[in-house]
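Thanks for making time this morning.

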Amino acid sequence: MSTFSPDTEEALAGEVARAHAAREPLAIEGHGTKRAMLRPVQAAHTLSTRNLTGITLYRPTELMIRARAGTPIPEIEAALAENGQQLIAEPPDLRALFGTEEPATLGGVVSTNLSGPRRIMWGAMRDHVLGIRAVAGDGEIFRSGGRVLKNVTGLDLCKLLSGAHGTLGVLTEVALKVLPAGEATGTLSIRVKDVASGAAALSAALGSPYGVSGAALLLEADGITALARIEDFAESVTYRLGRLREELAAHGEARLVEDPRPLWRSIRDAEPLGAAPEDAVWRISVAPSQAAQVVASLQGAFAAKLMLDWGGGLIWIAGPATTQAHGAVMQAAAAAGGSFTLFRAPAALATGVPVLPEEPLPLAAIARRVKAVLDPAGVLNPGRMRA
Amino acid sequence: MISLPAPKPEILARRDTILADLARLLPEDAVIGEPLRLRPYETDGLAAYRQIPLAVVLPRTTEEVAAVLRYCNANGIRVVPRGAGTSLSGGALPLADAVVIGLMRMNVIREINYEDRYAIVGAGVTNIGITNAVADDGFFYAPDPSSQLACMIGGNVMMNSGGAHCLKYGVTANNLLGLTFVTIEGEVIEIGGRHLDSAGYDWLGLITGSEGQLGMVTEVTVRILRGPEGARAMLAAFSSVEVAGAAVDAIIGSGIIPVALEFMDRPCIHACEAFAHAGYPLDAEAMLIIEVEGSIAEQDMLLDRIRGICARFEPTSMKVAESADQSAAIWKGRKGAFGAVGRISPDYLCMDGTIPTGELPHVLKRISEMSVQYGLQVANVFHAGDGNLHPLIMFDANDADSFRRAEAFGADILTLCVEVGGCLTGEHGVGVEKRDLMTKQFTGAELSLQRAVKSAFDPEWLLNTAKVFPLEDNPKIAA
């Protein structure tokens, strides 16, 4: 078991070409923060982008930042913050969840397409990828997209690689759209009697004209709390919170949360879930109105710890790492017409079950052909997404 | 002129059989074969190119689309998907040996859900039709291409259409949840759903903007958004392109993201004013239309800030709308820009490159030099926030040399866009128009990779053949 950490894209491409020629699979990672996500990779060697670092272009007035794939997210966030800007999708910091130490890299958060609470209003990580450089499974370097905000030139391989968990190419550089950070953040909290009424309150908030940029539901021992966030200029936040409070009156009395930023950071990072080290962790994505039914079905099946984001549409679940619990998650997601991910689990579970929904047969056939195009010898992260 | 592949003689020879077969697969009124009735389908928004197709079919259901695709695939017949035919890049231009599959009869809105904020609509529903269906309840569908009265959501998905408001709300790809996708084999696949971010490969993202190269879309689940409390525009005019560009940078740099930020150059201001009498300043070299959203007080706050920023750049004039009517007046000229240019010139080509916004002064200077060189006038409108530039090149289609120069001028502009770090097309798509310029933006290896991804969906290259990818290096197409 060895790890290659090339200093240049060219050298990285060389390692991939060698692996391709030798038919030797590679585990692809940045800092390995999410190494335990989905299924374990079957590979003798690891290829890391950790030495491909640095912001290569940042144009605040063009709302664009470009960096090499191994650049740590905090470094990018710091550079943006100096100009009052931010990563729009608010990608989570999952070190606590995965028990890892180094911060996530740009390539890692794009490859996993992980987005935080702001996703509900402003889009996912993949929505803001303007351009990529990547190395295909045969060692060929290619680009897609570019550095401008609007670009429909050619097939959008940026989106194909975002969320592909390194199985269709190794990202070496990514350009992202960025936006100004709201001057102020305000949050209302409402005690609700159950998940259905919580989702209804959040639906009302998200259906209001006040630009709600976070809508979460916390299930705690002493009750359920719905949270709605507004980020904007200070005058706007004050005004909009007032109006929103009136609009939500039918759902309960809204209280102002003091200093809400740490709270949203913890929601972003799934801390309120309270996953124990031995728990498996799942995510289900459904239409928010389905949340109550999903939660009820999970609670009926096992001792589920739960946390909801995206207006109730994103359901974080922690529970026993058993095939029985996994079956309940798959069934609940399917019954609600949604999608699931076995986010974190011991290898014994993760290798024995589908960690993502199966694709219908014609799509699976297309997927195999696309994989064969981008990784002909199947050396990139084999086994990561599917057996 | 851009060359089209030679029609397959064996297909042309079997035309009557093919029409009879299609008539068995579809209701009688869904198959068009008579030359006169094919005529309306010979072109799209890129009217300089015309070709009567082999046949046109107008299915009403996903199953009918699947049946036609299955039949065409089994018989090696090329297929051209078509929405409203508004493509400015020739995306729906027929081929002589192709069946055009028109989506306009799939125009039913199947479901509107305010609780979960989505609508499920047939691919033939117009863009504005979606917003109209939800507007009374205060909602809207965000992407708003200029052709929104006519263009259909199926076409929007295929071209990943944008609009004037996508700086804030994103383009089509950012506003979709699910698609009903039909492969060339006639397999019907549900992609995504009513929820965000399905796990697995992002087929939704890959298919969006694929210009009909990968398959057809028959039904679309779009996100609908609650509209703002209100919106208001202001106008600021400047003595030079450079100064106007600097004002744009300063606005964005201040942390304000206007919902729209439009730039017009002098020729465009004059054309629009003559057409719309919108009260545009004729003494200015460049003009910005800036729109903000929120309550009246919020609009006032944001417009005050923007006015303060613009004031630092010595504007030749500024006008802040005091009402919705005044806002509409400010927008009136801009929205009529294409029509306005159409009035002062017999024909025009609408280009669609994107540039890094900081390159605007340089690019406009080069375009005006080219204008002299080619002896053709040009007017520029620019989505200034996101760098999407629309030069309108004026020419006379009855003069072959004028058309040839216009095309060469356009190609030079797009090449320049790529050179300064931008791209060939921001929202209109490559289509047939920019197909042969793809080598300016991508290496041969990159194009091969994209072609191979297409082949994974469409091994025989029957879907919208001769669009997007240069014909060279393609064994499936004889030029």
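This is a predicted model: local features need pLDDT of at least 70, side-chain atom pairs count only at pLDDT 80 or more; totals for chains, interfaces and linings use all residues.

In chain A, β4(A) and β5(A) form a hairpin with four residues between them, and A:Leu63 in the turn has a positive phi of about 55 degrees. Strands here are DSSP runs of E, at least two residues long, numbered from the N terminus. Strand β4 (residues 55–59) and strand β5 (residues 64–68) of chain A run antiparallel and are joined by four bridges, where pairing requires that DSSP finds at least two bridges between two strands. One of the partners to look for is A:Met64 in β5(A), which bridges to A:Arg59.

Residues are numbered from 1 along each chain as its sequence is written, chains are lettered from A and ligands numbered from 1 in the order in which they are written, and side-chain values use heavy atoms, leaving out hydrogens and water.

Turning to chain B, how much area do domain 2 and domain 3 of chain B bury between them? The two bury about 620 Å², 58% of it on carbon and sulfur atoms, buried area being the accessible area (1.4 Å probe) that two parts lose on being put together, summed over both. On the side of domain 2 of chain B, B:Ala164, B:His165 and B:Leu167 lose the most area to domain 3 of chain B, together 69% of what that side buries.

Across this interface of domain 2 and domain 3 of chain B there is one salt bridge, meaning a side-chain nitrogen of Lys or Arg within 4 Å of a carboxyl oxygen of Asp or Glu. B:Lys168 and B:Glu293 form a salt bridge, with their closest N and O atoms 3.0 Å apart.
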